[in-house]
Amino acid sequence: MLLDYDRMGWLKIALLGFTALVAGFLLLPVVFIVLLSFGSSRWLAFPPPGWTLKWYQELFADPAWLDAALTSAKIATMTAILAVVIGLLASFALVRGRFAGREILRGLLLTPMVLPVVVFAIAIYAFFLRLGLGGTTIGFVIAHTVLALPFAIIPIATALEGFDKSIEDAAIVCGASPLEARLRITLPSIRIGIFSAAIFSFLASWDEVVVAIFMASPSLQTLPVKIWGSLRSDLSPVIAAASSLLVGLTLALMVVTALLQRKVKT
């Protein structure tokens, strides 16, 4: 290797310091939001004059905020299930399949990762208006599934590529049907990839705001849309509390995923 991390000397310390600065720069706004959610001021003022849990009490006592959070959780859960099922089938086709245009299909399935979200939001909003799916739960789930699909395909396909197919073939030779071999041998072996796909797909929907703004209706709003709407009319620390809830769940799921992947590697 041209660069050996263990032999970089003082450059290793400089690299660690630079990485810490970048991470701090990216995380600092999030830390400010969390601190503001515990501030005693009625406005988003930093530093807070005091500390309180009042804004979390107001958040959990407000039916509108709770309904938005439950809507986000429901849509994200359905999105994760649908994205994992489609992503699993697509991954088998992309990894095991031998057909013309396979790489083109892979690129198309991963397009939502690089396509500007606002372009996708405008297009799917106009399309769903014609179908009567605007402002509906089904419309939300379909739109978010399209966005989440790349985050499901990548970990599942990666796990499938790392799986030794000869084990599956051995099960078939021993009398198992191809479907039974995949269900009892392959799927348990790539379970971490499937679990990661479910987590990433859930978070892709849970945190999504641009498409959700286009798809929302007065009676159907996700938590990010509720936060966005509240920012336009109010600067209450309740917004910071709701944002901290979004960040907290995201962080918790990412930590769980990292721990499970580390456990498998060891």
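This report covers two buried residues, Ser91 and Thr222, and two annotated spans of a predicted model.

Local features need pLDDT of at least 70 and side-chain atom pairs count only at pLDDT 80 or more, while totals for chains, interfaces and linings use all residues. Residues are numbered from 1 along each chain as its sequence is written, and side-chain values use heavy atoms, with hydrogens and water left out.

Ser91 sits in helix H3, residues 63-96; helices are DSSP runs of H or I with at least four residues, strands are E runs of at least two, and both are numbered from the N terminus. Ser91 counts as buried because its relative accessibility is 0%, buried being under 20% relative accessible area (1.4 Å probe, protein chains only). A polar atom of the Ser91 side chain lies 2.6 Å from the backbone oxygen of Gly87. Leaving aside residues up to four places away in sequence, Ser91 touches Arg96, Ile153, Ile156, Ala157 and Leu160, where contact means heavy atoms within 4.5 Å.

Thr222 lies in the loop between helix H10 (210-215) and helix H11 (223-233). With 3% relative accessibility, Thr222 also counts as buried. Its contacts, again without residues up to four places away in sequence, are Ala68, Thr71, Ser72, Ile75, Phe140 and Ala212.

An unreviewed UniProt entry annotates "transmembrane region" at several spans, including 75-95, 107-128 and 140-160; such annotations may be inferred rather than shown by experiment. Two of these spans are tabulated.

How values were computed. Buried < 20%, exposed > 50% of the residue type's maximum accessible area, 1.4 Å probe, protein only. Polar contact = N/O pair within 3.5 Å; in protein donor to acceptor, adjacent residues only side chain to side chain.
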